[in-house]
Amino acid sequence: MKLFPPFVHFHRPGTPLTRAPLRTVLLVTCAAALSTAHATTGTMTPERRQCQPAAAPIPTHAALPRPSVVTGNSTLYIALYDARGVKTAEVVQGNADQTQPLASAYKTMVVYATLKAVDEGKLTLTQQIQTTAENRSIEDYPRGRNSVQTLAGLAIQKSDNTASDILHLAVTPRRVTELTAALSPCTAILLTSKGQWSAMAGLTPRVIPGSTPQAFRASAQRYGALPLNDRLTAATSINTAAKAVNADQLLSALDRYFTGPAYHIENDLNLYNTSTARAYADLSAQVMRGNGQLTPATQALFRRIMSTGCCTKPTEPMGFKPLYWGAKAGSGWGLLTMSGYMELPDGRSAAYTYINHGSQTLDSEVIERQIRPVLNWVVANINLLRGKTAP
């Protein structure tokens with residue numbers, strides 16, 4: 001299958017690119033400790049919650065220096081697993097246990113949950129679903145009726161918001177949340193893309209009210225601090241309200257939000273899907289390696305779909321040829337994320353998550369120019385791990 005182009009463009013064709021909105025998401029409280037992280041975005045310093053599940057200690061190595069084009073708060077986590085899937089070593093840059101926005105990387109779990117629903121008989125791969133005004137999200141979108149399998153491919157290969165949302169709504173957001181939380185307690189996926197951005201744009205005032213930037217931020221904080229079940233109830237209201245929002249008007253509202261006084265980097269952590277770099281790398285390894293929850297045929301399809309995601313083509317020599325590489329990236333306002341899982345020639349495997357939140361590079365199309373140097377850096381750190389540990 002065709003690999004995703006090296007750079008992901010999230011603005012709608014024909015629309016002048018001013019600033020493409022984020023693809024990030026919300027947060028489930030895993031561990032209660034709060035810490036402050038310094039994202040280099042003016043004077044705005046968000047509170048980033050910590051979430052670290054208990055795990056056996058393994059050798060930890062400092063990452064190589066990050067590329068000079070990267071600014072602001074960044075985190076890279078890479079795990080190396082043996083042939084049995086047991087984690088044996090890791091590379092860390094930044095705080096791998098802080099909750100951070102996932103951007104479009106969360107769509108991996110939407111597709112995974114969709115294929116799980118297929119195995120459960122709740123959906124079929126050939127089932128046709130209509131794109132409507134209610135389920136249409138921002139930017140370009142698939143017209144007419146499309147099969148579940150086609151939509152799953154678009155959600156990963158093209159990072160299509162509408163395709164992802166159609167599947168998200170078909171599976172139900174609650175099911176996606178619960179399935180993800182069961183596999184990764186530090187990962188929270190509650191809102192569709194349209195739900196996230198409608199909340200950010202101030203178009204769900206019954207759930208996230210705020211007549212001033214300060215009041216809006218306080219509402220977002222209260223929402224983000226809710227226990228999971230209560231937040232799921234509120235998220236249901238947001239997702240429902242978002243169906244009535246016109247996608248073109250939403251895109252304009254988002255431009256005003258990101259360039260206006262209402263935007264604050266902390267809102268990203270409360271109103272978007274989130275995980276930690278460590279948790280999402282482990283989750284990516286679990287679902288792409290195969291955890292026994294999908295049938296063999298569906299698991300094989302999932303792996304094929306993920307192999308079309310961005311980005312798997314570094315510009316520098318790798319030193320090895322992965323037997324398999326599945327990936328998903330995302331970008332937004334001062335945000336770039338990259339996640340992936342690869343199987344190595346020696347029988348081992350590696351998974352990684354990179355999150356740059358609060359970059360001084362704000363426009364999503366511009367920050368995507370960092371994908372290649374960051375991907376080269378990720379591969380260099382995987383080689384670092386390979387050299388420090390024996391198969």
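Let's begin at a cysteine: Cys186 is buried, at 4% relative accessibility, where buried means under 20% relative accessible area, exposed over 50% and partly exposed in between, with a 1.4 Å probe and protein chains only. Its partner is Cys51, and the two form a disulfide with sulfur atoms 1.9 Å apart; the term covers a pair of cysteine sulfur atoms within 2.5 Å. Cys51 is buried too, with a relative accessible area of 3%.

A word on the model: it is predicted, so local features need pLDDT of at least 70 and side-chain atom pairs pLDDT 80 or more, while totals for chains, interfaces and linings use all residues. Residues are numbered from 1 along each chain as its sequence is written, and side-chain values use heavy atoms, leaving out hydrogens and water.

Back to the bond: the S-S torsion of Cys51 and Cys186 is about -80 degrees, so this disulfide is left-handed. Cys51 sits in the loop between strand E2 (47-49) and strand E3 (60-62), and Cys186 in the loop between H4 and helix H5 (193-200), so the pair ties together parts 135 residues apart in sequence. Helices (H or I, at least four residues) and strands (E, at least two) are DSSP runs, numbered from the N terminus.

The count comes to two disulfides. The other joins Cys310 to Cys311, S to S 1.5 Å. Cys310 is buried at 2% relative accessibility, and Cys311 is buried at 6%.

Now look at H4 again. Met109, Tyr112, Ala113 and Lys116 in H1 meet Arg175, Val176, Leu179, Thr180 and Leu183 in H4, contact meaning heavy atoms within 4.5 Å.
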